[in-house]
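Dear colleague,

Please find below the structure that I am handing over to you, with its sequence. My notes on it follow directly after.

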Amino acid sequence: MRGVVPLLGAIMLTVVFAYGLISYSKPDYLVDEATGENVTILGFGAVAVVGHRRPGLGVIMMFRVVGDVAGLLQGPNPGAPFGPAARTSDRRRRVLRVAGLR
């Protein structure tokens with residue numbers, strides 16, 4: 001039962017994303033009030049192009065950050081305990097200080 005709730009959430013978000021992509025992509029979704037013309041980017045509705053490009057950029061940035069942080073948190077001795085007694089590298093110490101964790 002515990003795995004069903006996240007799955008239902010993912011399905012609902014996918015349906016909403018698909019609905020938004022279809023409806024916002026229509027060229028007549030956004031009309032310029034001054035000229036009365038449709039606002040499009042390469043034939044697609046401007047709202048869809050701008051609004052649906054952001055999650056893609058977020059996914060790319062997420063994978064980049066996960067790759068950077070994974071190596072950072074392992075440090076020189078991955079088996080050592082994490083805490084004041086653990087040996088840390090200078091880079092890791094600086095990151096923890098900047099983040100306010102030390």
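The mean pLDDT of the chain is 76, and 75% of the residues score at least 70. Please bear in mind that this is a predicted model. Within the chain, confidence is highest in helix 1, at a mean of 88, and lowest in helix 3 (residues 90-98), where the mean is 71.

As to the overall architecture, the chain contains three helices and two strands. Along the sequence these elements follow the pattern α-β-β-α-α. Of the 102 residues in the chain, 12% are buried. Among contacts in the chain with a separation of 6 or more, 11% are between residues 24 or more positions apart.

A nonpolar patch on the surface is formed by Val4, Leu7, Leu8, Ile11, Met12 and Val15. Together these residues have about 570 Å² of accessible area. One of them, Leu7, lies in helix 1. Leu7 counts as exposed because its relative accessibility is 52%, and the cut-off for that class is over 50%.

The loop between helix 1 and strand 1

Two residues of this loop deserve a description. Ser25 is located in the loop that runs between helix 1 (4-24) and strand 1 (40-41). Is Ser25 buried or exposed? Ser25 has a relative accessible area of 18%, and is therefore buried, since the limit for that class is under 20%. A polar atom of the Ser25 side chain lies 2.5 Å from the backbone oxygen of Leu21. When neighbours within four places in sequence are left aside, Ser25 is in contact with Gly20, Gly43, Phe44, Gly45 and Ala48.

Asp28 is also placed in the loop between helix 1 and strand 1. With a relative accessibility of 53%, Asp28 counts as exposed. Gly45, which is among the contacts of Ser25, is 17 residues from Asp28 in sequence. In space, the C-alpha atoms of Asp28 and Gly45 are 7.2 Å apart.

The loop between the strands

Leu42 is found in the loop between strand 1 and strand 2 (44-45). Its phi angle is near 55 degrees, which is a positive value in a residue other than glycine. Leu42 has a relative accessibility of 80% and so counts as exposed.

Val47 and helix 2

Val47 belongs to helix 2 (residues 46-74). Not counting residues up to four places away in sequence, Val47 touches Tyr24, Tyr29, Leu30 and His52. Of these, Leu30 is 17 residues from Val47 in sequence, while the C-alpha atoms of Val47 and Leu30 are 7.5 Å apart in space.

With kind regards

Note on methods:
Residues are numbered from 1 along each chain as its sequence is written. Side-chain values use heavy atoms; hydrogens and water are left out. Helices (H or I, at least four residues) and strands (E, at least two) are DSSP runs, numbered from the N terminus. Buried means under 20% relative accessible area, exposed over 50%, partly exposed in between (1.4 Å probe, protein chains only). A polar contact is a pair of N or O atoms within 3.5 Å; within protein, one must be able to donate a hydrogen and the other to accept it, and residues adjacent in sequence count only if both atoms are side-chain atoms. Contact means heavy atoms within 4.5 Å. Patches are made of residues with over 30% relative accessible area and no salt bridge: like charges are joined within 9 Å, nonpolar side chains (Val, Leu, Ile, Met, Phe, Trp, Tyr) within 5 Å. Accessible areas come from the Shrake-Rupley method with a 1.4 Å probe; for residues, only the protein chains shown count as cover. A salt bridge is a side-chain nitrogen of Lys or Arg within 4 Å of a carboxyl oxygen of Asp or Glu. pLDDT is the predictor's confidence in each residue, from 0 to 100.
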